[in-house]
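I opened this model to look up a few side chains and then the overall fold. My notes follow in the order I made them.

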Amino acid sequence: PTLCGFNGRRAEPDLVRIPPSAAACFEHVEPEPIDEALLTEVRAAALTVSNYELARAHRALLDADDPSSVSERLRSRIVTGLSTSNAAYAQALTQREAWCARMRTLFARYDVLIAPATPFAAPRFADASIDVNGTPLEPAKSLGRLTQPVSFAALPVVSAPCHAPDE
């Protein structure tokens, strides 16, 4: 099936149309809607777990002799992770288990799930922001937004480039 709900308003329209076209290559095709509100909760839990674990593994980077060797974004994630309570981390892990259970039910019925991997075509490395439907997005914060829920369920993600007909 194609997973629906991963797109929201922060995806280019052409990229929203590609997964159903790819899914048409398979025998049994049907959309599997996932509520955007649920995906927002899953992404928040994933970020909590990621920041918490990152901070505990790399807190020494905050004391680096050369502060410029640690990006401001990484420094901010470590500080955020260190301020995350054990209870919030435990709650995020509970949310992950519920999400994993939901994904297991899908894989009990299907062998492959198809969804867009990125909300927009790959940006140039130097691009500080990308305009998607009139909304400027930071590539570093947005590129993994569609695969984050799948990765959070400890599932592999395979990405294949798909070009619009005029590319």
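I checked burial for two tyrosines. Tyr52 is buried, and Tyr89 is buried as well. The model is predicted, so I read these as computed values.

Next I searched the whole structure for aromatic pairs. The search gave 1 pair. Tyr52 and Tyr89 form it, and the pair is stacked. I get 3.8 Å centre to centre and 10° between the planes.

What lies over the face of Tyr52? I found Arg56 there, at 3.6 Å from the ring centre.

I then turned to another arginine, Arg75. I place Arg75 in helix α3, which spans residues 72–82. Does Arg75 count as buried or exposed? Arg75 is buried, yet I find no salt bridge for it. Glu72 has the nearest side chain of opposite charge, 4.4 Å away. I did find a polar atom of the Arg75 side chain 3.2 Å from the backbone oxygen of Pro67. Leaving out residues up to four places away in sequence, Arg75 touches Leu61, Leu62, Pro67 and Val70.

Last, I noted the whole chain. I count 6 helices and 4 strands. Along the sequence they run β-α-β-α-α-α-β-β-α-α. Of the 167 residues, 31% are buried. I also looked at contacts between residues at least 6 apart in sequence; 73% of these join residues at least 24 apart.

Methods. Residues numbered from 1 in each chain as written. Predicted model: local features only at pLDDT ≥ 70, side-chain atom pairs only at ≥ 80, totals over all residues. Heavy atoms only, no water. Helix = DSSP H or I, 4+ residues; strand = E, 2+ residues; numbered from the N terminus. Buried < 20%, exposed > 50% of the residue type's maximum accessible area, 1.4 Å probe, protein only. Lys, Arg positive; Asp, Glu negative; His and termini not counted. Salt bridge = Lys/Arg side-chain N within 4 Å of Asp/Glu carboxyl O. Polar contact = N/O pair within 3.5 Å; in protein donor to acceptor, adjacent residues only side chain to side chain. Contact = heavy atoms within 4.5 Å. Phe/Tyr/Trp six-rings, centres within 6.5 Å; stacked < 30°, edge-to-face > 60°. Lys NZ or Arg CZ within 6 Å of the ring centre and 35° of its normal.
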